[in-house]
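Please prepare a briefing on the structure shown here, starting with its metal site and moving on to the strands around it.

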Amino acid sequence: MNRPGRNDSCWCGSGRKYKKCHLASDDAGTTSPPAPTFGRAPSASRRNAHLILDDEGQEGMRAAGRFNAQVMDFIRPQVKAGMTTDAIDKLVDTYTRDHGHIPATLGYHGFTKSCCTSINEVVCHGIPGADVLQDGDIVNIDLTSIVDGWFGDQSETLLVGEVDAVSRKLVTDTFESMHLGIEAIRPGGRILDIGRAIQTYAHSHGYSVVREYQGHGIGRKFHQDPGVPHFPDFEMGQFIVEAGMCFTIEPMINLGTYRTKLDRHDGWTVRTADGKRSAQFEHTILMTESGPEILTLTEHGPQRGHTF
Ligand code: MF3
Ligand code: CO
Ligand code: CO
């Protein structure tokens, strides 16, 4: 691999100097070098032809996204200081079943609840339980529904009562980074374009980007190809997105370190290694000939450009 000079831009496309970015991890041998398959992308995408949905599949995904967004519209105004995350879970579970659909996380690899609730320094996969939301918290609610076999997946970070300015800005900037990621990808583009847009924005505002958890292809399965890293990962990033493919974009952006710690006791809860706050937003996207279509959006949710 040809390494850049210390003061040249990093090979990863972050826009940072090499010495401030991948130099140390390259020295340690922990980063993957750019894939040698550069320029051989068409064959890679032909191998993924099975991920291209026909009209019926696209309608299935639209319906799943629409319903999931409707659950979010139902939950969003009810999240308040003083309620437990279990109460949120009950609302999600009951609403979903009352409409004849299935909460996807319940029983997923042993997960015991119908949504994820991740408070403050919890990055993702928080398990609803006895935790009581406090004034000043930020809480990510991650909802996934199965509608006629198709999956819709989205999350929002909500403010509980009066939230400090730094956390509010983190939430706003994370929301913006998700939209920049969505706008960065076109049919024929690489997954890499998404992570590059997100990371460039996050770093320019002094945040870090979680690397161990990522977006994913979605359809009749919850998690499938392609993996969607929120940083420019040169190996995974070579995947070519084509019209008819569905995937999520769900950046987790941290005030401090990008490193995370998995809860040893419950095996699910992911926290920032330094205990500083983390925010996340997620949408399910269908790539169309004319660009990305957000499937998990209604007019009631926060729109592009929203400040929290
Ligand atoms: N909804 C999460 C995602 O965006 C996955 C949650 S899986 C669970 O991919 F098992 F933790 F619920
Ligand atoms: Co997801
Ligand atoms: Co999700």
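In this predicted model, D153 bridges two cobalt ions, ligand 2 and ligand 3, which lie 3.3 Å apart.

**Metal site**
- The cobalt ion (ligand 2) is coordinated by D153 (OD), H216 (NE2), E250 (OE) and E282 (OE) at 2.0 to 2.2 Å, where donors are N, O and S atoms within 2.8 Å of the metal (3.2 Å for Na, K and Ca) and water is not among the atoms, so sites may look incomplete.
- Along the chain, the donors of this cobalt ion (ligand 2) follow the spacing D-x62-H-x33-E-x31-E.
- Both D153 and H216 are buried, meaning under 20% relative accessible area with a 1.4 Å probe, protein chains only.

**Strands**
- Strand β4 (residues 138–147) pairs with β5 in the antiparallel sense over 10 bridges, pairing being assigned if DSSP finds at least two bridges between two strands.
- The bridge partner of D142 in β5 is S155, and 9 of the 10 residues of β5 are buried.
- The hairpin of β4 and β5 has 2 residues between the strands, and D148 takes a positive phi near 50° there.

**Basis**
- Residues are numbered from 1 along each chain as its sequence is written, while chains are lettered from A and ligands numbered from 1 in the order in which they are written.
- Local features need pLDDT of at least 70, side-chain atom pairs count only at pLDDT 80 or more, and totals for chains, interfaces and linings use all residues, while side-chain values use heavy atoms, with hydrogens and water left out.

Notes: Buried means under 20% relative accessible area, exposed over 50%, partly exposed in between (1.4 Å probe, protein chains only). Helices (H or I, at least four residues) and strands (E, at least two) are DSSP runs, numbered from the N terminus.
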